[in-house]
Amino acid sequence: QSRDTLADIIPKIELKVIKETYFLFCENPFESNKVDEDYADEFESAKINGFRTLLFNFDDLTSEFYFKNATKQIKASENLSNVIYRGWMLTPKQYSNLYEDLLSKNYKLINNVTEYQNCHYLPDSLEFIESKTPKSVFEKFENSESIEKLIEKTKKFGSNSVILKDYVKSEKHDWETACYVSDASNVQNLKNSIENLIRLRGKYLNEGIVVREFIELNDLTIHSKSGMPLTEEYRLFFFNQKLVEIYDYWEEGKYDLIKPETKEFEEIGKNVKSNFFSMDIAREKNGNLIIIELGDGQVAGLPDKAERNEFYKKLKNYIC
Ligand SMILES: Nc1ncnc2c1ncn2[C@@H]1O[C@H](COP(=O)(O)OP(=O)(O)O)[C@@H](O)[C@H]1O
Ligand SMILES: [Mg+2]
């Protein structure tokens, strides 16, 4: 009997080498072979920069019964490939369905579900950003008792001002009635605002409510439609824990300002357990910079003014 030589053995080892990175977008709800209009320019930019693209059906994925159909257009691939999603926010459950579905076809989303949730849910993000973000308390929302528990936790803010959001989003365009509470010790006001927030979020409420200490931020202007104060804020994107780009956050308001020093945020970014995420930072009135929130990079919007092509070109340098 002859012994196998190395040359005989090597082809038998199934090497799951990740070869390529795809970008995944939502398809147009009315034309399944086209991309969702809102992502048409990103889709083009991805292609121009040499990335291959995939489409799936967002409505199916987020439906109760048809989520298994969402990727039916996508054929299983022979080699394992990386996939980066760019599109609308998904709940961790929906993301998990998408992740499993794609993996069964040999496409691996850049973040697993835990990594997704790390930057998607504020309570999960806190462990990475606690030192640089406003003090926060939170409570999962189940019933009216949850509100009472949250109000109890809010007592630590005394009569300071606070802001409210669910685990993912605020109702910042209803600033006065569902987001900002000028005196946290005014329990009736606080409760009204929490209830307004829950009502406005409706079926889109994410998990629970967060109450955060309000910090005076450096004003830019007042939002022309909602009256919300627009303050000096920036959105940073990180890929593989490295800073890719920093954008002015708002469309309105003058940013004739020097871009902030990002060193300390780059240090924090190194410890965030996610392969692609956004970090929103803001300047306090006293000049200090703080973190407002993290977001999964796959569902964080690019500011309208941001050059799509440049973004994908930059990303290409970080994707290997
Ligand atoms: N702790 C805070 N103090 C002062 N302003 C805040 C605070 N948190 C958020 N804001 C303001 O409210 C806006 C919305 O808050 P954010 O947490 O980003 O909610 P959303 O997820 O809806 O974008 C921020 O862009 C910022 O201008
Ligand atoms: Mg935000």
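Visitor: What percentage of the 320 residues of the protein chain count as buried?
Guide: This is a predicted model, in which local features need pLDDT of at least 70, side-chain atom pairs count only at pLDDT 80 or more, and totals for chains, interfaces and linings use all residues. Residues are numbered from 1 along each chain as its sequence is written, chains are lettered from A and ligands numbered from 1 in the order in which they are written, and side-chain values use heavy atoms, with hydrogens and water left out. Buried means under 20% relative accessible area, exposed over 50%, and partly exposed in between, with a 1.4 Å probe and protein chains only. For the 320 residues of the protein chain, the buried share is 51%.

Visitor: How many helices and strands are there, and what is the radius of gyration of the protein chain?
Guide: Helices (H or I, at least four residues) and strands (E, at least two) are DSSP runs numbered from the N terminus; the protein chain has 11 helices and 15 strands. The globule rule, 2.2 Å times the number of residues to the power 0.38, is compared with a radius taken over C-alpha atoms. For 320 residues the rule gives 20 Å, and the chain is close to that, so it is as compact as a globular protein of that length, with a radius of gyration of 22 Å.

Visitor: What share of the contacts with a separation of 6 or more joins residues 24 or more positions apart?
Guide: Contact means heavy atoms within 4.5 Å. Among contacts in the protein chain with a separation of 6 or more, the share from residues 24 or more positions apart is 68%.

Visitor: Is α4 largely enclosed or open, and which elements cover its buried residues?
Guide: Helix α4 spans residues 92-103 and reaches 16 Å from its first C-alpha to its last, close to the 16 Å expected at 1.5 Å a residue; the expected span is 1.5 Å times one less than the number of residues. Of its 12 residues, 9 are buried, so α4 is largely enclosed by the rest of the structure. Those buried residues include Tyr95, Leu98, Tyr99 and Leu102. Their cover includes β1 (21-28), β3 (52-56), α3 (58-61), β5 (107-109) and α5 (113-120).

Visitor: Which residues of α9 are buried?
Guide: Helix α9 (residues 187-201) has 15 residues and reaches 21 Å, close to the 21 Å expected. The cover over its buried residues includes α7 (144-154), β7 (162-166), α8 (175-179), β8 (180-181) and β9 (208-213). The buried residues are Leu190, Ser193, Ile194, Asn196, Leu197, Ile198 and Arg201.

Visitor: What is the phi of Asn240?
Guide: Asn240 sits in the loop between β12 (233-239) and β13 (242-248), and its 29% relative accessibility makes it partly exposed. This residue other than glycine has a positive phi, near 45 degrees.

Visitor: Which residues does Lys285 touch?
Guide: Lys285 lies in the loop between β14 (276-283) and β15 (289-296) and is partly exposed at 48% relative accessibility. Lys285 and Ile215 are 70 residues apart in sequence, yet 8.6 Å apart in space, C-alpha to C-alpha. Not counting residues up to four places away in sequence, Lys285 touches Glu216, Leu217, Asn218 and Asp219.
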